[in-house]
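User: I'd like to go through this one with you, starting with the strands and then moving on to the pockets. Could you begin with whatever term we need for the strand pairing?

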Amino acid sequence: GSNKRFGNFPSIGAGWIISEEAFLKNNPVLNYLKLKASWGITGNSDIAWTEQFAIYVIDSLGGYNGKPLQYQSKLENPDLQWEEVHATDIGLEIGLWKDRVTADISWYRKMTTKGFISESLQASSGIDALESFRNVGKIRNRGIEIGLNTRNIVTPSFSWSTELNIAFNRNKVLEVGTATPDALDGGFGDVRAVPGYPVTCNYIVRFSHVDPSTGRPVYLDKEGHETFVYDVVNNRVPIANQPDYLGGFTNTFRYKNFALSGLFTFSQGGYIYDDAAKRQLGVVTDWNMRREVLDHWTHEGQTNAPLPKLTMDMTNWGGNDNFWQNNHSLWLEDASYLRLKNVSLDYTFYPKNKKVLRSIVFRLSGTNLLTFTNYSGWDPEVGRGRENAQQRNIGGSNVTYLTPPQEKTYNIGININF
């Protein structure tokens, strides 16, 4: 805006190579040790530049009493300013046994202030554009990231090396101005931004169990009391779906001219929201049902039935008559997985005469070959398409809606070096 056109974004960083000090120099075990730290502020202005201006409309067709009419359709905001991220990083770089083992351990904290949030005006304001950006958001990100590289075996003809990275990341929404959870909608799957929870959390009614006597679904209200009534207005609660940790590790084996490498990725904790399950495992409609629907409740006294009784009447799911709003925790699944992301086998041929041809590398590789997970769907690394920037920022990647899985691929290649 005109009042906040400029911002100050300082930064500073420092490092201390401790292993160069006299008390550690020439240490036979710890050959490298560096302490590093940085602090800085970065700015973000990634919204439409017109957000700062008022908009007036001239209605020459309808008008008033046959005359052209001018009216304000959007309020100005001269105080709209840069979104700021205050970042602090502290880390250690370590080398052991002449770098047979190296590690990089970092702690970070990023505080986003003056975050852009689209707030709503009262309809009685008479303004057409009831949504406008304000600098009212505040989000905290912090965590620990660890990278570890090891040369496990090193001989003239054979070597084995390992690379591991793991991240423990946490984010929390602290302030959203006057915006309600439904105003900060992440799109499908009832994903919201709610203060006190991660940016992506499911804002849904909690499912408790299937009633053994009637086969009806039993829910929990906000206080945790059981109820047969599905109350989407009063009983929704935030459910965090952030993973506990995630990462990957690669092992590379080399024997003479052969090289074999395998990359595993993993994620532990969090949830996937299956947004299509309400149509394929819930009320019977014109959709194709899944095989799992056969596990529904069938007779009085049946305990531990995973799904309520089959019905074509949506109101049997607690009074709600709209199957598109049948969003609750029954459709949440554990998002943990371990995946063999990539495997490659190389053979390098070195010609005797290297004046023209230096080497030829023959490669066999595959991606997404194996996945170990309790998730019943196609792919635990899912992401439903979103309609706008807010939904992409809040919606996250842990909602699926008939989302196709990543393809499994096999490749054969030749790399010729001259």
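Analyst: Two strands count as paired if DSSP finds at least two bridges between them. Keep in mind that this is a predicted model. With that in hand, strand S2 pairs with strand S5, which covers residues 83–96, in the antiparallel sense and over 14 bridges.

User: Which residue stands opposite Glu83 in that pairing?

Analyst: Asn44 stands opposite Glu83 of S5.

User: And how many bridges join S1 and S2?

Analyst: Strand S1 (residues 11–17) and strand S2 (residues 30–44) are antiparallel partners over 7 bridges, and within S2 it is Leu35 that stands opposite Trp16.

User: Switching to pockets, what volume does the largest pocket have, and which residues are closest to its centre?

Analyst: The largest pocket has a volume of about 660 Å³. Its lining counts 25 residues, of which Glu83, Phe116, Ile117, Ile139 and Asn393 are the closest to the centre. Two or more lining residues come from each of S5, strand S6 (101–120), strand S7 (131–154), strand S8 (158–176) and helix H2 (389–395).

User: What is the lining like by class?

Analyst: The lining of the largest pocket has 13 nonpolar, 8 polar and 4 charged residues.

User: And the second largest pocket, what lines that?

Analyst: The second largest pocket holds about 450 Å³ of space, and among its 29 lining residues the closest to the centre are Pro243, Leu246, Ser267, Ser397 and Asn398. S8 gives the most to this lining, with 4 residues, and by class the lining has 11 nonpolar, 14 polar and 4 charged residues.

Note on methods. Residues are numbered from 1 along each chain as its sequence is written. This is a predicted model: local features need pLDDT of at least 70, side-chain atom pairs count only at pLDDT 80 or more; totals for chains, interfaces and linings use all residues. Side-chain values use heavy atoms; hydrogens and water are left out. On a 1 Å grid over the protein atoms alone, a cavity is a set of points where a 1.4 Å probe fits but cannot get out, and a pocket is an open set with protein on both sides within 12 Å along at least five of seven lines; lining residues have an atom within 4 Å of a point. Grid points are joined across faces, edges and corners, and a volume is the space filled by probe spheres set on the points. Ala, Val, Leu, Ile, Met, Phe, Trp, Tyr, Cys and Pro count as nonpolar, Asp, Glu, Lys and Arg as charged, and the others, Gly among them, as polar.
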